[in-house]
Amino acid sequence: MIARLEPRSRRWLVQLWGQPNIHTRQRWTAVWPCLAQLPAGPLHVLDAGCGGGAWSLELALRRREWSITGVDRFEPSLKAAETARRRLAVENVSFVYSDFLDFQPPEQFDVVLSIASAHYLLQEGSGEELFKRFGSWLRPGGLLLLFAPRCRREVPWFRLLPPPFELRDVV
């Protein structure tokens, strides 16, 4: 749904050969099936570590009844997200500049997503504090959906070639 942000030539290539970005493919194969099962009616969703906002915007366009908040600590990405939000005229998403451990939302969420972002704090030894934050952001009975990079031993790659990305043993 956010494909119209891309140049026509890129959209054509993606249609022809598929999505080259592994993180985008993983979101659609691992995360979307879980989200698609949630009610299409009103939900308050937090995208913790939203980066450039592509996933937040995609969800907002697919689920117009959801209210989505994207939070990230990298201001240039959030500026790009806000620009894309305005360009797409999406009203049910907002973006907040904040570090995870400093984020204090005015209300709790039905769903908290952390897609390929929480592992950074786990690596730094802040996992316990992070999960306390996750718990405080969720309404009772809410859903925490984490997606982290694969462990080094789970990544399929030919050992004589350089790894496809930085391999970590976090999760």
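The model is predicted: local features need pLDDT of at least 70, side-chain atom pairs count only at pLDDT 80 or more, and totals for chains, interfaces and linings use all residues. Residues are numbered from 1 along each chain as its sequence is written, and side-chain values use heavy atoms, with hydrogens and water left out. The protein chain has six helices and five strands; helices (H or I, at least four residues) and strands (E, at least two) are DSSP runs, numbered from the N terminus.

**Overall picture**

- Starting at the N terminus, the order of elements is α-α-β-α-β-α-β-β-α-α-β.
- Of the chain's 171 residues, 40% count as buried; buried means under 20% relative accessible area, exposed over 50%, and partly exposed in between (1.4 Å probe, protein chains only).
- Taking contacts (heavy atoms within 4.5 Å) between residues at least 6 apart in sequence, 69% join residues at least 24 apart.

**Confidence**

- The mean pLDDT of the chain is 81, and 70% of its residues reach 70 or more; pLDDT is the predictor's confidence in each residue, from 0 to 100.
- Among the elements, helix α1 (residues 8-17) has the lowest mean pLDDT, 59, while β3 has the highest, 97.

**Strands and crossovers**

- Strands β1 and β2 pair in the parallel sense over five bridges; two strands count as paired if DSSP finds at least two bridges between them.
- Strand β2 (residues 67-72) is also joined to β3 by five bridges, and these two strands run parallel.
- Valine 71 of β2 is the bridge partner of alanine 48, and valine 71 also stands opposite valine 96 in β3.
- Glycine 70 stands opposite phenylalanine 95 in β3.
- A right-handed β-α-β unit is made by β1, α3 and β2; a crossover is right-handed if, with the strands pointing away from the viewer, the path from the first strand over the helix to the second runs clockwise.
- From β2 the chain crosses through α4 to β3, and this β-α-β crossover is right-handed.
- Five of the six residues of β2 are buried, so this strand is largely enclosed by the rest of the structure.

**Nonpolar cores**

- The largest nonpolar core has 26 residues, and Leu35, Trp55 and Leu113 have the most contacts inside it; such a core is a set of buried Ala, Val, Leu, Ile, Met, Phe, Trp, Tyr and Cys residues joined through side-chain atoms within 4.5 Å.
- Two or more residues of this core come from each of α2 (22-36), α3 (54-62), α4 (75-88), β3 (93-97), β4 (109-115) and β5 (138-147).
- Helix α3 gives the largest share of this core, five residues.
- Leaving aside residues up to four places away in sequence, leucine 113 touches Leu35, Val45, Leu46, Asp47, Ala48, Trp55, Leu59 and Leu145.
- A second, separate core of 14 residues includes Ala48, Leu101, Phe134 and Leu138.

**Helix α3 and leucine 57**

- Seven of the nine residues of α3 are buried, so the helix is largely enclosed by the rest of the structure.
- Those buried residues are Trp55, Ser56, Leu57, Glu58, Leu59, Ala60 and Leu61.
- Leucine 57 lies in this helix and counts as buried because its relative accessibility is 1%.
- Leucine 57 and valine 93 are 36 residues apart in sequence and 6.9 Å apart in space, C-alpha to C-alpha.

**Histidine 44**

- Histidine 44 is in strand β1 (residues 44-48) and counts as buried, at 12% relative accessibility.
- Its side chain makes a polar contact of 3.5 Å with the side chain of serine 67; a polar contact is a pair of N or O atoms within 3.5 Å, and within protein one must be able to donate a hydrogen and the other to accept it, while residues adjacent in sequence count only if both atoms are side-chain atoms.
- Beyond residues up to four places away in sequence, histidine 44 touches Ser67, Thr69, Glu107, Gln108, Phe109, Asp110, Val111 and Arg139.

- Alanine 30 belongs to helix α2 and is partly exposed, with a relative accessible area of 35%.
- The C-alpha atoms of alanine 30 and phenylalanine 147 are separated by 8.1 Å, although the two residues are 117 apart along the chain.
- Alanine 89 sits in the loop between α4 and β3 and is partly exposed, at 49% relative accessibility.
- Alanine 89 has a positive phi of about 55° although it is not a glycine.
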